[in-house]
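These are my notebook entries from a first reading, kept in the order in which I looked things up.

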Amino acid sequence: MVLKNINPTTTNAWKALQTHYQSLVQERTESLFEKDPDRANKLSITNKHFKIDFSKNKITPETIRLFSALAEECDLKQNIQAVLDGKLVNETERRSVLHMALRNTVANKYKANGQVIHEDILAVKKQMQTFCNAVHEGKHLGYTNKKITTIVNIGIGGSDLGPLMVAEALKPYWIKGITGYFVSNIDEAHLQEVLQKINPEETLFIIASKTFTTQETITNALTARSWFLKYAKDEIHIKQHFIALSTNAKAVSSFGIATENMFQFWDWVGGRYSLWSAIGMSIALIIGYKHFEELLQGAEQMDTHFIETPFEKNIPFLLAAIGIWHRNFFSYEAHCIMPYNQYLQKFPAYLQQADMESNGKTIDRNQQPVNYATAPIIWGDAGTNGQHSFFQLLHQGSSIIPTDFIAAVNTSHHNKDHQEKLLANFFAQTAALMKGKKKEQVEEELRQMNTPPEQIKFLTPYKIFDGDRPTTSILFQDINPTTLGELIALYEHKILVQGLLWNVFSFDQFGVELGKEMCGKILPDLQSLLPTSTYDSSTNSLITYYKQYKN
Ligand code: F6P
């Protein structure tokens, strides 16, 4: 069957959504609650581990019905099925998109290039488990027979952000006696700050790179290798202290890492979707293989929900639909991610890559420029910290920025006082962003404070909050490996749905290439004694300034 690659704006559902938007745009979300006392209930979903509340967005059940109609017209179901069937949906790279297979427990479910892949996945998992256990049980020792206590993951982008975010999120699960570090930046400061703290005799370096050609990772890996050899003296010891996670066996072996120390994955795993693969080795070493498996199980639970649930009740679909509603009908340009959970502080950075590298595109699947907006700018920070920096703009700025609030009811620290204050802030902010504060209320409050009338007149406009700023709340009972797996898979599927409805190829990233190419040309120029004149005058003068002052 030939799939339709449809410009969503040409569908009847899109036109109906436009009419629906016109009927809702003047309405305040608050007033939708007054009209329908059951609104919160109708527009939220509670499952085994979490509750998600969409009701503080300017939507109604009709919005959801119309987005389901859009899905129908765009063949969304069939497009998702093509992903599950291992079709080459990453068409520009001629690859399947099968990260879901990595957490699947049902044999023979997924095929790549017509071949069942379950056994291959299980074999790498077994290799990972055996290696993790050997490290944790002190069977895999360093070159002076000391236990490995330090894990340093060297990678960037998808080979860093996912594992880093998960390791941070699951800090309470870190194995006693193991410390994990993540080095990504080519700025040597990143690596040196770590090297200063660690003991080469007890350190395992993980070189994580799908391609094994990434400039940052290979540069950092080579520096780490030289540092290690300064102490270990003999290259023979590299095998106890360096492992590689990659799809490129040839490059791994020419780097000097033995094949038995390479953990493989496949081209059908996109970099930003790879934490479930061998790229998750740092996670497994830091929190233990059992917890890594629980992470995968959580993701599988979300996959099952995503695949089996009708769109009207499908959590990733609803998150995606609301994102499109905001981006294409309200023209909101950004989307903020606010985990009210210190351990989830890296979640916004992780989602930046997952979302913006996937759907930050302007050419559709028919090679045509899109005539509608695609991915918003994703950003955010941990709550409550963000409240003391950019929340001014969220409440009173000239841009409206829909925000996802994410928290857990319980934490591993049992201080009720902290936790209740944290969650009170979460609930307060979502309510305040919707409700705002009206002129009459501001004036009344100032009067109560005995403010002189001329001061009331002066101050009132500054103290008004328009409100009507959309939020989605996701409240987990706990953040643990399973629920974190669910959360990540939820956003992965949201991104997939949005990419399919926006009709863009979500699994390539040609937009990162041009800068890399230019860097390749400029690098020799920085070392050359000849004057630089081959670029635009701004770039020439910056390079000249660099050469003038470099030590
Ligand atoms: O520069 C972008 C990118 O290609 C990402 O898509 C990828 O996650 C990252 O670089 C790292 O790539 P690799 O794992 O091949 O080193």
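**Entry 1: a histidine in a helix**

I began with His305, whose place is in helix 13 (residues 289-308). I noted before going on that this is a predicted model. Is His305 buried or exposed? I found a relative accessible area of 19% for His305, and because buried means under 20%, His305 counts as buried. Leaving out residues up to four places away in sequence, I listed what His305 touches, and the list reads Lys313, Asn314, Ile315 and Pro316.

**Entry 2: a valine in another helix**

Next I looked up Val166, which has its place in helix 7 (residues 161-169). Val166 is buried, and its relative accessible area is 0%. Not counting residues up to four places away in sequence, Val166 touches Leu275, Ile283, Leu295, Leu484 and Ile488. I also checked the separation of Val166 from His136, which is 30 residues away along the chain, and their C-alpha atoms are 19 Å apart.

**Entry 3: the cores**

Which residues touch the most other members of the largest nonpolar core? I found that this core has 120 residues, and that Met281, Phe317, Phe347, Leu484 and Tyr491 are the ones that touch the most other members. Helix 20 (residues 481-502) supplies the largest share of this core, with twelve residues.

I turned to an open sheet of six strands, in which the order is 1-2-13-12-10-11 and the pairing is mixed. Its edge strands are strand 1 (44-46) and strand 11 (377-380), each of which pairs on one side only. On average, and with direction ignored, neighbouring strands of this sheet are turned by 15° against each other. Within the sheet I looked at strand 10 (residues 334-340) and strand 12 (residues 403-408), which pair in the parallel sense over five bridges, and I saw that Cys336 stands opposite Thr403 in strand 12.

Helix 15 (residues 347-359) lies across strand 10, strand 11 and strand 12, and runs at about 175° to strand 11. Helix 20 lies across strand 2 (50-53), strand 10, strand 12 and strand 13 (471-476), and runs at about 150° to strand 13.

Another open sheet has five strands in the order 6-5-7-8-9, with parallel pairing. Strand 6 (179-183) and strand 9 (262-264) stand at its edges, and each has a single partner strand, so one side of each is left without a neighbour in the sheet. Strand 8 (residues 242-246) pairs with strand 9 in the parallel sense over three bridges, and Ala244 stands opposite Met262 in strand 9. Helix 9 (residues 215-232) lies across strand 5 (150-154), strand 6, strand 7 (203-208) and strand 8, running at about 160° to strand 7.

**Entry 4: the ligand**

Last, I asked which of the 13 residues around the ligand come nearest, and the answer was Ser159, Ser209, Thr211, Thr214 and Glu357. An N or O atom in the side chain of Ser209 is 2.6 Å from an oxygen atom of the ligand. For Thr214, an N or O atom of the side chain is 2.5 Å from a ligand oxygen atom.

Conventions: Residues are numbered from 1 along each chain as its sequence is written. This is a predicted model: local features need pLDDT of at least 70, side-chain atom pairs count only at pLDDT 80 or more; totals for chains, interfaces and linings use all residues. Side-chain values use heavy atoms; hydrogens and water are left out. A nonpolar core is a set of buried Ala, Val, Leu, Ile, Met, Phe, Trp, Tyr and Cys residues joined through side-chain atoms within 4.5 Å. Buried means under 20% relative accessible area, exposed over 50%, partly exposed in between (1.4 Å probe, protein chains only). Helices (H or I, at least four residues) and strands (E, at least two) are DSSP runs, numbered from the N terminus. Two strands pair if DSSP finds at least two bridges between them. Axes are lines fitted to C-alpha atoms, for helices over the stretch in contact, and angles run from 0 to 180 degrees between N-to-C directions. Contact means heavy atoms within 4.5 Å. A residue is near a molecule or strand if one of its heavy atoms lies within 4 Å of it. A polar contact is a pair of N or O atoms within 3.5 Å; within protein, one must be able to donate a hydrogen and the other to accept it, and residues adjacent in sequence count only if both atoms are side-chain atoms.
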